[in-house]
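Please walk me through this structure, strand by strand where that helps, and explain the terms along the way.

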Amino acid sequence: MKDNTIVTFENVSFKYEKEWVVRNVDLTIKEGQFLGLVGPNGSGKSTLIKLMLGLVKPDHGSVYLFGKPIKQYKDWQEIGFVSQKANSFNSGFPATVMEVVKTGLVSRVGAFKFFTKKHKEKARQALKFVEMEDYAHSNIGELSGGQQQRVFIARALVSDPALLILDEPTVGVDARHVTEFYDLLARLNKEQGITLLMVTHDIGTITDHATHVVCMNKTVHFHGASEEYKEFNEEDLNKLYGHSVQQLTHNHDHEVSPK
Amino acid sequence: MIESFLQYEFLQNAAITGILIGIVAPLLGVFIVVRRLSLIADALSHITLTGIAASLLIEKRVSSVNEWNPIYMGMVFSVVGAILIERLRKVYKHYEELAIPIILSGGIGVGVILISLADGFNTDLFSYLFGSVTAVSRDSMWTVLMITTIVIFIVILFYKELFVLSFDEEHASVSGVNGRWVHLLFIVMVALVIASSMQVVGILLVSALMTLPVASAIRIAKSFKQTIGLSVAFGETSVLIGLFSSYHLSVPPGGTIVITAVLILIMSILYKKVRAQQWIKGEA
């Protein structure tokens, strides 16, 4: 399990109350990949992320992070996480951008220790990377959705993670900024060598940017390079989604079924 | 008042206790408000009353016990109440706020019966409900000083954990912060501070001292640290002006402290409005 494997799922299943949301998932993420995780609504994508972060425990199977069983895993600063909820936080919260970004260093600083100048400098650099350093002392609630998203990415980056997980990060960011956003991710992946895992329902866009794609609906239906995914049998996809994929690639809302 | 302050021990006790809680009540209040737990302070202050009633009853019925300081029993009840609320929040996962009325009404129900059994409906009770400048003993003052010191120390030590937990619980968990443990530590501190504050501010108004200064500060402050600083400054101002006017007008300090806090709140809202208008004019 050594080499360059970052995440391993071994036959993982998870049920919420009585319903299985994730079933028999085997998955490996290797260093340097940009993995897009796609699937219809309620396909267990977010749950998979929660399992990966140890926020919920699997009912069956095991999860390994950097080769260690997740229970023994302690180096949380190696993993940055930008949650779907990041854009629905309490926007009246009285905190500056700098204060928010510094929370990304909590695990690196460690218990019973304080933030120092060095940490502030790190936070400033992370903000610079996402081009938000001019807003360091602004109130987080006064920023636009796209700006907030950048701040949350800076928070995830500030601890120099090896793996960055993003759960539907483009929701609430207007289309104009989505392209910029993907450019930012590409820089992270290529220049900084950060492994990326991005959950999205935007199949069309992700296959253009990600190196690998995982398509799931409770269980993994496809896992391979993006190029292969493009050739992935349309019929299989239709089966997976239950309706035309053509519709999906052009329409962001999965709830709308074809006429 | 300065002359009387030097002359009377009870005034020194009340003033020093007041100054101390003027710091810690709003300090913890900031975290309570941003986590939308304002009502917990109310529930805990009511269960503190149950503890006081229990103490009064025991003192009355058990002859070997006399001169018990009811503040200790109040603290025990408040801490147990805090833990119970946490338990109940787990039971009613989808209706977490239900824990608050359950504990609040349960506490006051038991409290009323105990007070009645202890024939406690008298001036003593009045001072527990609305605060008093004469009821604080030297003994209680030392206890409050100790609690204040411990609470400030813990808040400084766990500042980043408390902050990350308040801002984003999920992120706290991903950062390896033991949310349950930190939260328990926090809620026990809240319980102790509420029981400490009750002698000066009174049970019915304790939660006001924890939330009103924060409500004012949040209007003006940009950063979290600034919110804490302003909340403590507003809380302290309310306590000092409140105690002073309480002494001179012979009314319970709970009332005067809260009125002062409300006036500060109104001023901060107006300040923000004026600032916003100036900003619009400046832009135009």
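In strand β7(A), A:Leu163, A:Ile165 and A:Asp167 point one way, A:Leu164 and A:Leu166 point the other way, and all are buried. A residue is called buried if 20 or more other C-beta atoms lie within 10 Å of its own, exposed if 12 or fewer do, and partly exposed in between, with C-beta atoms placed from the backbone. In a regular strand the side chains alternate between the two faces of the sheet. β7(A) is mostly covered, with five of its five residues buried. Strands here are DSSP runs of E with at least two residues, helices are runs of H or I with at least four, and both are numbered from the N terminus.

The model is predicted; local features need pLDDT of at least 70, side-chain atom pairs count only at pLDDT 80 or more, and totals for chains, interfaces and linings use all residues. Residues are numbered from 1 along each chain as its sequence is written, while chains are lettered from A and ligands numbered from 1 in the order in which they are written.

β7(A) belongs to an open sheet of six strands with mixed pairing, in the order β6-β7-β8-β3-β9-β10 (chain A). The edge strands are β6 (79-82) and β10 (219-225) of chain A, each of which pairs on one side only. Two strands count as paired if DSSP finds at least two bridges between them. Neighbouring strands of this sheet are turned by 15° against each other on average, direction ignored. Such angles run from 0 to 180 degrees between N-to-C directions, and the axes are lines fitted to C-alpha atoms, for helices over the stretch in contact.

On one side, β6(A) and β7(A) run parallel and are joined by four bridges; A:Gly80 has A:Leu164 in β7(A) as its bridge partner. Strand β7 (residues 163-167) of chain A also pairs in the parallel sense with strand β8 (residues 195-199) of chain A, over five bridges.

Chain A has another open sheet, of four strands with antiparallel pairing, in the order β2-β1-β4-β5 (chain A). β2 (19-30) and β5 (68-69) of chain A stand at the edges, each with a single partner strand, so one side of each is left without a neighbour in the sheet. Strand β1 (residues 5-16) of chain A and β2(A) run antiparallel and are joined by eight bridges, and A:Thr8 has A:Thr28 in β2(A) as its bridge partner. α1(A) packs on this sheet too, touching β1, β2 and β4 (60-65) of chain A, and its direction makes about 60° with that of β2(A).

Taken as a whole, chain A holds ten helices and ten strands, and buried residues make up 40% of its 259 residues. The mean pLDDT of chain A, the predictor's confidence in each residue on a scale from 0 to 100, is 84, and 86% of the residues reach 70 or more. Confidence in chain A is lowest in helix α10 (residues 245-250), at a mean of 45, and highest in helix α2 (residues 97-102), at 95. Over residues 245-259 of chain A the pLDDT is below 50, and this stretch has 19 contacts in the model beyond near neighbours in sequence.

The contact between the chains takes 21 residues from chain B and 21 residues from chain A. On the side of chain B that touches chain A, two or more residues each come from α8 (159-167), α9 (169-174) and α12 (224-249) of chain B. The largest share of that side, five residues, comes from α8(B).

Definitions and conventions:
Two residues are in contact if their C-beta atoms, placed from the backbone, lie within 7 Å.
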